[in-house]
Structure formats: C-alpha cells, structure tokens
Amino acid sequence: MELMEWCRELPKIELHAHLNGSVRDSTLLELAKVLGEKGVIVFADVAHVIMKNGRSLPECFMLFDLFHILTTDHQTVTRITKEVIEDFAAENVVYLELRTTPKKNEAKGMTKRSYMEAVIDGIKAVDSVDVAFVTSDTSKLMTCSGSIPVNGTGSPIKRKKIYVRLLLSIDRRETTAAAMETVNLAMDLKDFGVVGIDLSGNPVIGEWETFLPALKHAKELGLPITLHCAEVPNKKEIQAMLDIHPQRIGHACFLEDEEWRKAKFLKIPVEICLTSNIRTERLSSLHNHHFADLYKAKHPLSLCTDDSGLFSTTLSNEYYLAASTFGLNKSEIFVLARSAIQYAFVDDEVKEELTKVFDDAEKRLIS
Ligand code: 6MZ
C-alpha cells in the first residue's frame, strides 16, 4: 500500500484542532455567498481571501476574524461542528479533541453558553459515522448514530466510530473576567464532553498576567490545560508558561535550550503542527523542525492539524509528512500514532477502547 493511502488507513488521535480553522472551504464560500447576497460582505473580496494559498501568521488572524463573521449564528456553528467531525472521521481519526473559543454575539442573541450548546448540537447531529460522547444523564459514554445503513444484501455496514471531546479556548484578546467565564463554563459542561482548557489567539496580543488567574482557577478545578506556547519568541512568557506545568503545550517553535531542558525534564507533551508551522512561516523548512530532536529524545509528542481548513491539510497528511521528511518507517509511525492516546484528556476507559482499536489495526497495517 502506498504510504499516503496507508496513513489514511492508520487510526489517528487528533489533539490540536480549532473548530473555526477546520471548516471546509466549500462551506465558507457558501456562507460568504449568502452574506454577500444580504450585503453584509463583498463576496468577491472574501472568496479571494478564502482561496488564497500560503498565509503569514498575522494574515491568519485577520482571516479568523472573517471566519467568525461567516460562522457566527447558532445554526452555522452546529453545521460546521457536524461537518468538521465528519471530515475527521473520514480520515480515520478515532479520537478528536476539538477546541473552540466560546463567543458572545449580542446581535445574534448568542452567549458563550449558547454558542457551546450549538457546538454540542453539532456533535449530536453527526449521522454519517457513530460518535461517542458524554451525556449529562448518565455521565457515561453514549453512542449516538443515525439510521443504520445496510448493504446490497440487507446486512448492516460496519460504521466508523469517532470519540469526540471538547476543549474551551481562551482567546488572548480576552480580559481576565472573560477568561474566568470560559473556565467556569468548561466546568459546567464537563458532563457534555468538555475535558479541558486551551489558551490561543494571536501570540503578539495580550499579557500572560491577564490569563494566569483563569488558568490557575482551571488547575484548581482539576481541568487539564494546554497552552499555545512559543509561537513567537517571548522568553519571559515561555518560562512562565512552563512554570505552571501545563498538561500539554502546542507548537513550541521558539524554545531555547534552557526551556527545552525544562520541558523535557517535566515531560510536557508537545502538540506538533508541521504544516501550520511552515505555512505561517514559523520555520524555514520542515528539516529544521523541532520534531526531529523531540522524536530522537523520545519526548512525548503528537502530530496535529491545527487548522485543517485554513492550511488545506489532514491528519493523514501530517503523518505522511513526518514519515517522508524524517524517514520514519510504518512501524515507527504506527507507534507514534498510538502513543498519542496517553496524552488525551480523557478517562482510562476510553483510552482502553482506543488501544483496542489500534491493536486491531496493527494486525492489518503492520505485516
Ligand atoms: C494561535 C490559533 C491558531 O476557536 O473560533 N487559533 N491561535 N495560533 C494558531 N496557529 C495558527 N489557529 C487557530 O477557532 C479559531 C480560533 O482559534 C485560534 C484563534 O483564536 C482563532 O480565532 P475557534 O473555533
């Protein structure tokens, strides 16, 4: 089997995916068309921006503002959540930790809570695959699925299954009070599959001290946290981030030796986003990527897409890139994919289920 096809077949764990960065281009264009017809935006300008290839980091953040205009109403949030989950499942992602920033929009009657309810409705609306998520009634794993498809002879077709959990993101533009509100909301929604907190947004905006109280609060409440760390050089902030010992960090492009020593000593798992780092010009070439050093050092890491829509990538492609750039063979890639189970913010019961999925796949994929 060709390597790319093999990477698609491989079961995968996605730990760093932003909802609004994972929206299909076709959906964004469709939404832009509707808003263009209503005169809210100029469609031709927006279409050009959506289809553009290769964007700097500041351009990405301008684009997110546009995405938020296109996706800000409850129905659309539900729709994009459903589509994003279906797209990941189609790539054989078996566990998706989807992160999103709860948003307020008075004009649409949207509160952070109602935004999240729309996301949860999107999870429930998935019908092309089985979704395992948590319900409030039992706090147990429940599987939701649409009608059971049958093949030509009337026997049920085995459907794909994806476990979905949510992380609530604090945007670096937010105030301490707004960040606190997100943490409290995450706590309230624990029974709906919310498993942790993320800090993201434009890395040149906001002060660490603004978010710290909310992050500490999350820790006190027992909510795991993951931080976008070192997307730009900022020694003081990077050190402060490592000091609070987050459960994971994302990107980690600009750590210096001293900080790497600390991150390695603390064994903080790193969410690696290869395509994103290249496309946003964090690194000049994949051959200089810190993946190589971390992999060699057996540091905990997992490959992730970051914004699969924005960067036109898939998790299968990220594994393909790692294999082809760093010379990993199929067995090594398989072990890498399976190792990400350990870093998921999910209970042991689900981890055991995921391990079984990998055990089954190993027989098929590793000869
Ligand atoms: C930092 C990022 C990001 O939350 O509206 N986001 N933050 N660095 C990145 N690397 C390129 N990619 C995405 O998804 C979009 C939001 O996620 C964060 C930004 O805050 C962006 O507005 P949601 O679903």
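**Cavity, pockets and ligand site**

A search of the whole structure, which is a predicted model, finds one cavity of 30 Å³ or more. About 60 Å³ of space lies in this largest cavity, and its lining is made up of Arg172, Gly201, Pro203, His228, Cys229, Ala230, Glu231, Val232, Asn234 and Glu237. When these lining residues are divided by class, four are nonpolar, three are polar and three are charged.

Among the open sites, the largest pocket has a volume of about 510 Å³. Its lining comprises 16 residues, and those nearest its centre are Val94, Lys158, Lys160, Lys161 and Val357. Two or more lining residues are given by each of the elements β2 (93-100), β5 (161-171) and α15 (348-365), with α15 contributing the largest share, namely four residues. The class composition of this lining is seven nonpolar, one polar and eight charged residues.

The second largest pocket, with a volume of about 370 Å³, is the space taken by the ligand. At least two lining residues of the second largest pocket are supplied by each of α4 and β2, and the largest share, six residues, comes from α4. By class, the lining of this pocket consists of eight nonpolar, 13 polar and eight charged residues.

Around the ligand itself, the shell contains 19 residues, the closest being His68, Thr100, Thr101, Glu231 and Asp307. Helix α4, which spans residues 57-71, gives the most to this shell, with four residues, and α4 is likewise the element with the largest share of the lining of the second largest pocket. The shell divides into five nonpolar, nine polar and five charged residues.

Of the 510 Å² of accessible area that the ligand has on its own, the protein covers 99%.

Note on methods
Residues numbered from 1 in each chain as written. Predicted model: local features only at pLDDT ≥ 70, side-chain atom pairs only at ≥ 80, totals over all residues. Heavy atoms only, no water. Near = heavy atom within 4 Å. Areas by Shrake-Rupley, 256 points an atom, 1.4 Å probe, with all protein chains shown as cover. 1 Å grid on protein atoms, 1.4 Å probe; cavity = no way out; pocket = protein on both sides within 12 Å on 5 of 7 lines; lining within 4 Å. Sits in = over half its atoms within 2 Å of the grid points. Nonpolar A, V, L, I, M, F, W, Y, C, P; charged D, E, K, R; others polar. Points joined across faces, edges and corners; volume = space filled by probe spheres on them.
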